[in-house]
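Subject: A structure for you to look through

Hi,

Here is the structure I promised to pass on, with the sequence alongside. Have a look around first, and then read my notes below.

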Amino acid sequence: GRVSERNGADACERCPAGKISATGDSKCEDCPEEYFQDKAGQSACIMCSQRDGLTSTKGSTSCNLCMPHYYSGRTTPANKTGKAAHLDCISCPEGTSCDV
């Protein structure tokens with residue numbers, strides 16, 4: 001989750017959210033499509049919940065897109081316990097098309 005891009009650096013910098021690095025890496029890498037990382041300084045990305053129809057683009061900090069054959073129902077706002085807002089994706093009814 002930390003990198004140093006120059007030789008002889010005194011300290012490593014944390015990778016920003018949406019990017020990761022493994023120990024010994026010299027640069028941060030974007031999380032791939034269908035994965036995200038919402039915290040800085042991490043070494044692994046988190047897979048989007050395909051069960052919920054969610055996906056993401058490369059370098060995402062959240063699963064902010066609906067997968068094909070799903071449509072965006074609404075965004076659930078953050079709640080008082082600190083759970084972040086999230087997108088609700090709804091499966092297209094059988095026999096219908098919901099292309100964007």
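His-69 is exposed, with a relative accessible area of 61%. Please keep in mind that this is a predicted model, so each value here is computed from predicted positions. You will find His-69 in the loop between strand E8 (65–66) and strand E9 (70–76). What makes His-69 worth a look is its backbone: phi is positive, at about 75°, although the residue is not a glycine. Most residues other than glycine have a negative phi.

Glu-34 also has a positive phi, near 75°, and Glu-34 is not a glycine either. Where does Glu-34 sit? Look in the loop between strand E4 (29–30) and strand E5 (35–36). Glu-34 counts as partly exposed, because its relative accessibility is 35%.

Thr-55 belongs to strand E7, which covers residues 54–55. Is Thr-55 buried or exposed? With a relative accessibility of 13%, Thr-55 counts as buried, because the cut-off for buried is under 20%.

Now for the disulfides. A disulfide is a covalent bond between the sulfur atoms of two cysteines. How many disulfides does the structure hold? There are four, and here are notes on some of them.

One of them joins Cys-15 to Cys-28, with an S to S distance of 2.1 Å. The torsion about this S-S bond of Cys-15 and Cys-28 is about -95°, so the disulfide is left-handed. Cys-15 lies in the loop between strand E2 (13–14) and E3, while Cys-28 lies in the loop between E3 and E4, so this pair links distant parts of the chain, 13 residues apart. Both Cys-15 and Cys-28 are buried.

Another disulfide is formed by Cys-31 and Cys-45, whose sulfur atoms are 2.1 Å apart. This link of Cys-31 and Cys-45 is left-handed, with -95° about the S-S bond. Cys-31 is in the loop between E4 and E5, and Cys-45 is in the loop between E5 and strand E6 (46–47), so the pair ties together parts that are 14 residues apart in sequence. Cys-31 is buried, with a relative accessible area of 0%.

Cys-48 and Cys-63 make a disulfide too, and their sulfur atoms are 2.0 Å apart. Here the torsion about the S-S bond of Cys-48 and Cys-63 is about -95°, so this disulfide is left-handed. The pair links distant parts of the chain, 15 residues apart: Cys-48 is in the loop between E6 and E7, and Cys-63 is in the loop between E7 and E8. Cys-48 counts as buried at 5% relative accessibility, and Cys-63 is buried with a relative accessible area of 15%.

Which residues make up the largest nonpolar core? It has six residues: Phe-36, Cys-48, Leu-54, Cys-63, Tyr-70 and Cys-89. Not counting residues up to four places away in sequence, Cys-89 touches Asp-52, Gly-53, Leu-54, Leu-65, Cys-66, Tyr-70 and Tyr-71. Leu-54 and Tyr-70 are therefore both core residues and contacts of Cys-89.

Last come the charged pairs. Side chains of opposite charge can pair when their charged atoms come close. The count of salt bridges comes to two. In one of them, the side chains of Lys-19 and Asp-30 meet at 2.6 Å, N to O. Lys-19 lies in strand E3 (residues 19–20) and Asp-30 in strand E4, so the pair ties together parts that are 11 residues apart in sequence. Lys-19 is partly exposed, with a relative accessible area of 27%, and Asp-30 counts as partly exposed at 32% relative accessibility.

The other salt bridge is between Lys-39 and Asp-38, with the closest N and O atoms 3.8 Å apart. Asp-38 counts as partly exposed, at 43% relative accessibility.

Enjoy exploring, and write back with any questions!

Best wishes

Note on methods
Residues are numbered from 1 along each chain as its sequence is written. This is a predicted model: local features need pLDDT of at least 70, side-chain atom pairs count only at pLDDT 80 or more; totals for chains, interfaces and linings use all residues. Side-chain values use heavy atoms; hydrogens and water are left out. A nonpolar core is a set of buried Ala, Val, Leu, Ile, Met, Phe, Trp, Tyr and Cys residues joined through side-chain atoms within 4.5 Å. Buried means under 20% relative accessible area, exposed over 50%, partly exposed in between (1.4 Å probe, protein chains only). Contact means heavy atoms within 4.5 Å. Helices (H or I, at least four residues) and strands (E, at least two) are DSSP runs, numbered from the N terminus. A salt bridge is a side-chain nitrogen of Lys or Arg within 4 Å of a carboxyl oxygen of Asp or Glu. A disulfide is a pair of cysteine sulfur atoms within 2.5 Å.
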